[in-house]
Amino acid sequence: MLAKTFSRGGRHIPHHKGATNSKSIVEMPAPKKVIIPLQQHIGAPCDPLVKVGDKVKLGQKIGESLHFITSPVHASVSGEVISIAHEKLLDGCQVLSIVIANDGLDDPIASKHRAISKLSAKQIRKIIKDLGMVGLGGAGFPTHVKISSAKPIDTVVINGAECEPYLTCDHRLMVEKGEELVYGLKTLMKAVGASRGVIGIEVNKLDAIAGLQEIVRSHEALEVVALQIRYPQGAEKQLIKAAVDREVLSGCLPSEVGCLVSNVHTAVSIAQGIRDGISLYQRVVTVSGRHIHDPRNVMVRIGTPIQALLDFCGGINGTPAVVVGGGPMTGPAVVNLEAPVVKNLSGVLLLGEDEIAQDENLPCIRCARCVDACPMGLTPNILGLLSSRDEVVKAEKLHIMDCVECALCSYVCPSRRGLVSWIKQGKKSLVVAKSAEQQGEAN
Ligand code: SF4
Ligand code: SF4
């Protein structure tokens, strides 16, 4: 098998997927109460559509916003609304949330079964919006916005790279829900008018590659592309280069080269939404790391407290050095285990001291390893320094906004410099400075 990859930077990093990659997805019973944050996506937060004391059904829309860049939220159990208040998320941020006491009935909202052949592109986009579909790979960008590009799209690329260590939820979905994934891919192709669908999968998932190749054999417009194991191949620009050999230039979006990229889980959820009318109220989360008793891929209701999910996996084993929400390269530290599982939470990792790299910020020895590793062709050593000094105008000239925040520069740095943390902060400061500048011009 001739596996493809992207052209610049990147590394093969240990993937630590062995604890869960061959375990089937298990479904966790719904908890006694769920906490549904009104913002689980990039964009405007939702307004509640219910009040305390209301009875809600499983899958019912309970929050939405009139803004375009937003996504509604839905009840993940049936029961009674017992609180609408600010709740702490896993990173400690407070977000207005609806808390529902589960009545244990899973009484569902009436749902519609549909076939994509009978739907127009516009109807598909509306259904995807109504069902609360967002990018489930980490970003949480509303899918209906992504598929509303004015630019012509000819190719939809499914991101089956899952290049972050430990995570295997997409892998298991590709193995166990291949038909749904292909249905979701065809739905997205119809929504954007694309004639070609490509599923890019790294070769550490040979069972997924074989299974999906078999499924797409009868679909002329679809293909499975085997990818080398290389981080960060799941970043959109790197995936597009690897899977379809198109280069997305600095400051441009995938649509500029006729591509739309979708996460595996998002495509599977879209299929279930279109076919069975199921809104996005559950997802698969990989629970792994040295400090969990029974590492698993768990289908869990959105709003389930993380502690309850860990208990379902046998509980914490010993004392983890850190709990990470998502992959270890890009996920935030979890500071609140009572926080709810949200739509874009792909993993909960309980890592030991030897599984994490702490920033030490020793002096730069100018080895240029960070420059060699950067998949965006940036100079992370200089960008980190400029950001730490708040010299963001200079950093902008060196294309700081192209940084995909993959953390590879920090990972390879022998001086353990916190490059990615500084660069992230630099990007935020630059956005604030630009918006202040625009405000000033408008006044
Ligand atoms: S975090 Fe940014 S600067 Fe560092 S390697 Fe990744 S893309 Fe390059
Ligand atoms: S990898 Fe670290 S030590 Fe080497 S040039 Fe980059 S910042 Fe400096």
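Colleague: Which residues surrounding ligand 2 are the closest, and how many residues surround ligand 2 in total?

Modeller: In this predicted model, 14 residues surround ligand 2. The closest are Cys 364, Cys 367, Cys 370, Asn 381 and Cys 413. By class, the shell around ligand 2 holds nine nonpolar, two polar and three charged residues.

Colleague: Which residues are the closest to ligand 1, and what classes make up its shell?

Modeller: Ligand 1 is surrounded by 16 residues, of which Cys 374, Pro 380, Cys 403, Cys 406 and Cys 409 are the closest. The shell around ligand 1 has 15 nonpolar residues, no polar ones and one charged. Helices α12 (408-412) and α13 (419-442) each supply at least two residues of that shell, and α13 gives the most, with three.

Colleague: Which residues make the contact between α3 and α7?

Modeller: Helix α3 contributes Cys 169, Asp 170, Leu 173 and Met 174, while α7 contributes Val 264, His 265 and Val 268. The residues of this contact divide into five nonpolar, one polar and one charged.

Colleague: How do you know whether Glu 87 is buried or exposed?

Modeller: Glu 87 has 22 other C-beta atoms within 10 Å. A residue counts as buried at 20 or more, so Glu 87 is buried. Glu 87 is found in strand β7 (residues 79-88). Leaving aside neighbours within four places in sequence, Glu 87 is in contact with Ile 35, Pro 37, Gln 94, Val 95 and Ser 97. Glu 87 and Ile 98, eleven residues apart in sequence, are 8.9 Å apart in space, C-alpha to C-alpha.

Colleague: Which residues of helix α10 are buried, and what follows the helix?

Modeller: In α10 (residues 380-388), the buried residues are Pro 380, Asn 381, Leu 383, Gly 384, Leu 386 and Ser 387. Helix α10 is followed by Asp 390, which has a positive phi near 60°.

Conventions. Residues numbered from 1 in each chain as written. Chains lettered and ligands numbered in written order. Predicted model: local features only at pLDDT ≥ 70, side-chain atom pairs only at ≥ 80, totals over all residues. Near = placed C-beta within 6 Å. Nonpolar A, V, L, I, M, F, W, Y, C, P; charged D, E, K, R; others polar. Contact = placed C-beta atoms within 7 Å. Helix = DSSP H or I, 4+ residues; strand = E, 2+ residues; numbered from the N terminus. Buried ≥ 20, exposed ≤ 12 C-beta atoms within 10 Å, placed from the backbone.
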